[in-house]
Amino acid sequence: MSSLLDAELRARLDDLGREGLARHLRTVSGAHGPRLTLDGQDVLCFTSNNYLGFAHEPALESALGHVLETHGLGAAASRLVSGTLDVHVDAEAALARFAGHERALLFSSGYAANVGLLQALGTHDDLIVSDALNHASLIDGSRLSNARVVVTPHGDTGAVREILASQRATARRAFVVTEAVFSMDGDRADLRELRAICDEFDAALVVDEAHALGMLGRGGRGLADALGVRADVYVGTLGKAFGGFGAFVASSATVIDWLVHRARSFVFSTAVPPILAASALAALPLVEAADDRRRAVLTHADALRDALRARGLRVGGDGSGIVPLIVGDAAAAVALTDALLARGVFVQAIRPPTVPEGTSRLRITPIATHSAADVNALLVALEETLDGRAPGANGPIAGGTAKGGRARAASHRRGTGA
Ligand code: PLP
């Protein structure tokens with residue numbers, strides 16, 4: 001190892017530590033759920049995307065028991081090399097039906113799906129219009145595409161319209177790319193308006209339903225379904241409400257065929273393991289039937305928002321299971337996380353580059369298997385923490401906005417993680 005490389009990276013890491021941006025991997029022993037063991041400590045967990053509680057669900061696990069025996073562990077190679085497994089075919093057919101599109105294609109993660117999708121669809125003649133708060137995978141896929149990429153302020157459909165009005169004529173094809181429910185803010189894209197704009201300018205609407213899938217729409221089909229809107233390309237992730245891992249893109253047979261030919265994260269990557277394809281298939285009826293669980297998440301989230309607002313705190317994400325509590329300063333957000341952990345509650349601080357500068361936050365995510373008492377315990381821990389800090393009128397919980405604000409100036413610099 002070059003000592004220069006080590007020395008330079010250590011200096012940068014030390015800088016990040018001073019800026020409150022150091023990251024640590026904490027160890028969870030055992031399964032994910034409303035409670036877990038974190039670095040040996042029993043904690044209440046309010047910091048996952050396991051919205052419906054299916055990451056550890058006996059009904060799902062028992063349905064999968066036989067798959068390891070019949071199909072083994074690995075898929076052996078890319079599907080274009082060693083063949084598509086029957087479980088891939090079955091899962092894709094079911095996911096396509098569920099999403100209401102002709103065909104679906106599994107990817108090994110949501111990150112791989114978005115990168116492969118946009119890289120494959122966009123060419124240097126094309127235009128991609130992308131929301132400023134889109135996930136890192138959508139940003140990276142846009143960059144890899146060679147298309148002209150224009151980033152519009154978060155949620156600003158007027159800006160999307162203006163860009164298409166002024167630039168559509170010089171692009172062969174155009175894509176409007178958005179998350180449905182934004183991952184770190186919990187707010188919703190105006191998909192009806194975006195659909196209308198896409199229709200007016202003959203652009204394709206690409207919607208990443210990662211945080212709406214399983215949570216909104218009929219049977220958890222997502223935000224587009226809830227609004228009666230049809231996306232041209234639908235991205236769903238299987239590591240969140242579905243409780244497993246992987247992702248799928250659903251669209252026309254032609255788009256999916258193109259991805260099989262050109263999405264590099266599909267073509268040049270080992271296929272999704274059979275147990276994960278089977279888990280998507282097995283989770284589907286559970287997700288569809290999970291209205292009670294969806295309601296529980298939204299009830300918990302509403303209760304949290306009401307209580308935090310009553311205390312004058314800045315929260316957002318209304319109508320979603322995501323409750324961003326905006327802190328502003330990265331070090332203050334970390335201090336809040338640490339103070340809550342000392343009280344047995346785990347809520348990870350989310351900082352730049354995952355969110356724009358000045359909008360560090362606790363992203364609080366209740367799950368369906370939390371009880372009302374768990375939610376109350378979180379609120380008590382927060383109260384104690386904040387009172388202990390005697391923040392005053394403009395204490396550490398201030399600044400930033402859950403709906404954009406400063407975020408508008410910070411275009412496409414987000415990374416992944418916390
Ligand atoms: N898209 C969005 C909106 C996300 O929030 C995430 C996840 O974390 C992804 C894609 C990536 O999905 P995955 O975690 O399956 O790679």
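Me: Which residues lie nearest the centre of the second largest pocket?
Reply: L121, R173, F175, A204 and V255, out of 18 residues that line the second largest pocket. Keep in mind that this is a predicted model.

Me: What volume does the second largest pocket have?
Reply: The volume of the second largest pocket is about 310 Å³.

Me: And which elements give two or more residues to the lining of that second largest pocket?
Reply: Strand 7 (174–179) and helix 10 (253–262) do. Helix 10 has the largest share, with 3 residues.

Me: How does the lining of the second largest pocket divide by class?
Reply: There are 9 nonpolar, 3 polar and 6 charged residues in the lining of the second largest pocket.

Me: Ligand next. Which residues come nearest to it?
Reply: G110, Y111, D208, H211 and K240 come nearest, and the ligand has 13 residues around it.

Me: What does G110 put against the ligand?
Reply: A polar backbone atom of G110 is 2.7 Å from an oxygen atom of the ligand.

Me: And D208 and K240?
Reply: Both use their side chains. An N or O atom in the D208 side chain is 2.6 Å from a nitrogen atom of the ligand. For K240, an N or O atom in the side chain is 3.0 Å from an oxygen atom of the ligand.

Me: How much of the ligand's accessible area does the protein cover?
Reply: On its own the ligand has 390 Å² of accessible area, and the protein covers 83% of that.

Me: Which helix gives the most to the shell around the ligand?
Reply: Helix 5, residues 110–121, which gives 3 residues.

Me: What classes of residue make up the shell around the ligand?
Reply: The shell has 8 polar residues, 3 charged and 2 nonpolar.

Me: What lines the largest cavity?
Reply: The lining is S78, R79, L106, F107, S108, S265, F266, S269, T270, A271 and V272. By class, the lining has 5 nonpolar, 5 polar and 1 charged residues.

Me: How many aromatic pairs does the structure hold?
Reply: The structure holds 3 aromatic pairs. In one, between F98 and F242, the ring centres are 6.4 Å apart.

Me: Why is the F98 and F242 pair called edge-to-face?
Reply: Because the planes of the F98 and F242 rings are at 75 degrees, and planes over 60 degrees apart count as edge-to-face.

Me: Where do F98 and F242 sit in the chain?
Reply: In distant parts, 144 residues apart. F98 is in helix 4 (residues 86–99), whereas F242 is in the loop between strand 9 (233–237) and strand 10 (247–251).

Me: Backbone now. Is the peptide bond that joins P352 and P353 cis or trans?
Reply: The bond between P352 and P353 is cis, with omega about 5 degrees. P353 is in the loop between strand 13 (349–350) and strand 14 (360–364).

Me: Is phi of D39 positive or negative?
Reply: Phi of D39 is positive, near 50 degrees, and D39 is not a glycine. D39 lies in the loop between strand 2 (35–38) and strand 3 (41–45).

Me: What about N146?
Reply: N146 also has a positive phi, about 75 degrees, without being a glycine. N146 lies in the loop between helix 6 (136–144) and strand 6 (148–152).

Me: Why pick these spots out?
Reply: Because most peptide bonds are trans, and most residues other than glycine have a negative phi.

Terms used: Residues are numbered from 1 along each chain as its sequence is written. This is a predicted model: local features need pLDDT of at least 70, side-chain atom pairs count only at pLDDT 80 or more; totals for chains, interfaces and linings use all residues. Side-chain values use heavy atoms; hydrogens and water are left out. A residue is near a molecule or strand if one of its heavy atoms lies within 4 Å of it. A polar contact is a pair of N or O atoms within 3.5 Å; within protein, one must be able to donate a hydrogen and the other to accept it, and residues adjacent in sequence count only if both atoms are side-chain atoms. Accessible areas come from the Shrake-Rupley method with a 1.4 Å probe; for residues, only the protein chains shown count as cover. Helices (H or I, at least four residues) and strands (E, at least two) are DSSP runs, numbered from the N terminus. Ala, Val, Leu, Ile, Met, Phe, Trp, Tyr, Cys and Pro count as nonpolar, Asp, Glu, Lys and Arg as charged, and the others, Gly among them, as polar. On a 1 Å grid over the protein atoms alone, a cavity is a set of points where a 1.4 Å probe fits but cannot get out, and a pocket is an open set with protein on both sides within 12 Å along at least five of seven lines; lining residues have an atom within 4 Å of a point. Grid points are joined across faces, edges and corners, and a volume is the space filled by probe spheres set on the points. Rings of Phe, Tyr and Trp (its six-membered ring) pair if their centres lie within 6.5 Å; planes under 30 degrees apart count as stacked, over 60 as edge-to-face and the rest as tilted.
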